[in-house]
Amino acid sequence: MNQRRYCAKARSLPGSNALYSSSTVSNEQESLHRYSDWKKDIVDVKRMGDRIISIKFVVERGIFHVISTYAPQVGSDEQHKIRFWKDLESLVQDIPSEDKIFLGGDLNGHVGREVYGYESIHGGHGFGAINVNGKTILDFSSTFDLLIADTCFKKRDEHLITYKSGMTSSQIDFFLLRIVN
């Protein structure tokens, strides 16, 4: 099948209620998503650099913050990593505790299988061993009561792996949810 890659920006299409988003799509089929039903519920969009974006929705069941992230890679400059985590902390810290948070993205760290000290936010079903960036994810999640949803369900390793290159496999994409009563 002939495929092409579109740029990584979502935008409204002129004269329609559709949102066009990045993805690899076939020539025969364009990737369109209806958003007219929820467009009216968006009350704020915050972008922090090119690695964090947050959309705030107000609906009948409450206020939801959907945050998409792309953390600097392991080999990146330490200052970039520090800036990313400070920006993300600042964003999450400003969200009232009664609001719901859905944070997803490539956090470029390994939270591993071990849960010692993180039982309240790690379900024990991660992949591999923890690394330094994974510890940062665990500490961040613990600080803001964010459950690492990916670790709550037992899955085969091949279903947990979100990055594979040669003999290297890892789980670096995570979905974090605010723990609410």
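## Strand β9 and strand β13

Five bridges join β9 to strand β13 (residues 173–178), and the two strands run antiparallel. Within this pairing, Phe-102 has Leu-177 as its bridge partner in β13. The model is a predicted one.

Strand β9 spans residues 100–106, and five of its seven residues are buried, so the strand is largely enclosed by the rest of the structure. Buried here means under 20% relative accessible area.

## Strand β8 and the crossover

Strand β8 (residues 62–70) is joined to β9 by seven bridges, and these two strands run parallel. Phe-102 of β9 is the bridge partner of Val-66. Phe-102 is also the bridge partner of Leu-177 in β13. Between β8 and β9 the chain passes through helix α2 (residues 78–93), and this β-α-β crossover is right-handed.

A side-chain contact involves Lys-100 and Phe-64: the charged end of Lys-100 sits over the ring of Phe-64, 5.4 Å from the ring centre.

## The sheet as a whole

These strands belong to an open sheet of six strands with the order β6-β7-β8-β9-β13-β10 and mixed pairing. Its edge strands are β6 (42–48) and β10 (146–148), each of which pairs on one side only. On average, neighbouring strands of the sheet are turned by 15 degrees against each other, direction ignored.

At the β6 end of the order, β6 pairs with strand β7 (residues 52–59) in the antiparallel sense over six bridges. In that pairing, Ile-52 of β7 is the bridge partner of Met-48.

## Aromatic pairs

Five aromatic pairs are found in a search of the whole structure. One of them is formed by Phe-84 and Trp-85, whose ring centres are 5.1 Å apart and whose planes stand at 85 degrees, so the pair is edge-to-face. The cut-off for that class is an angle over 60 degrees.

Both residues of this pair are buried. Phe-84 has 3% relative accessibility and therefore counts as buried; Trp-85, at 12%, counts as buried as well. Ring pairs link Phe-84 and Trp-85 with Phe-140 and Phe-144 into a cluster.

The structure holds four salt bridges. In one of them, Asp-87 is joined to Arg-83, with the closest N and O atoms 3.1 Å apart. The two residues are four residues apart in helix α2, so about one helical turn separates them. Asp-87 counts as buried because its relative accessibility is 17%.

Another salt bridge links Asp-139 to Lys-135, again with the closest N and O atoms 3.1 Å apart. This pair lies in helix α3 (residues 132–143), where a separation of four residues means about one helical turn between Asp-139 and Lys-135. Asp-139 is partly exposed, with a relative accessible area of 31%, and Lys-135 counts as partly exposed at 39% relative accessibility.

## The Lys-40 and Asp-41 salt bridge

Lys-40 forms a salt bridge with Asp-41, and the closest N and O atoms of this pair are 3.7 Å apart. Lys-40 has 64% relative accessibility, so Lys-40 counts as exposed. Asp-41, at 17% relative accessibility, counts as buried.

Conventions:
Residues are numbered from 1 along each chain as its sequence is written. This is a predicted model: local features need pLDDT of at least 70, side-chain atom pairs count only at pLDDT 80 or more; totals for chains, interfaces and linings use all residues. Side-chain values use heavy atoms; hydrogens and water are left out. Buried means under 20% relative accessible area, exposed over 50%, partly exposed in between (1.4 Å probe, protein chains only). Two strands pair if DSSP finds at least two bridges between them. A crossover is right-handed if, with the strands pointing away from the viewer, the path from the first strand over the helix to the second runs clockwise. Rings of Phe, Tyr and Trp (its six-membered ring) pair if their centres lie within 6.5 Å; planes under 30 degrees apart count as stacked, over 60 as edge-to-face and the rest as tilted. A charge sits over a ring if NZ of Lys or CZ of Arg is within 6 Å of the ring centre and within 35 degrees of the ring normal. A salt bridge is a side-chain nitrogen of Lys or Arg within 4 Å of a carboxyl oxygen of Asp or Glu. Axes are lines fitted to C-alpha atoms, for helices over the stretch in contact, and angles run from 0 to 180 degrees between N-to-C directions.
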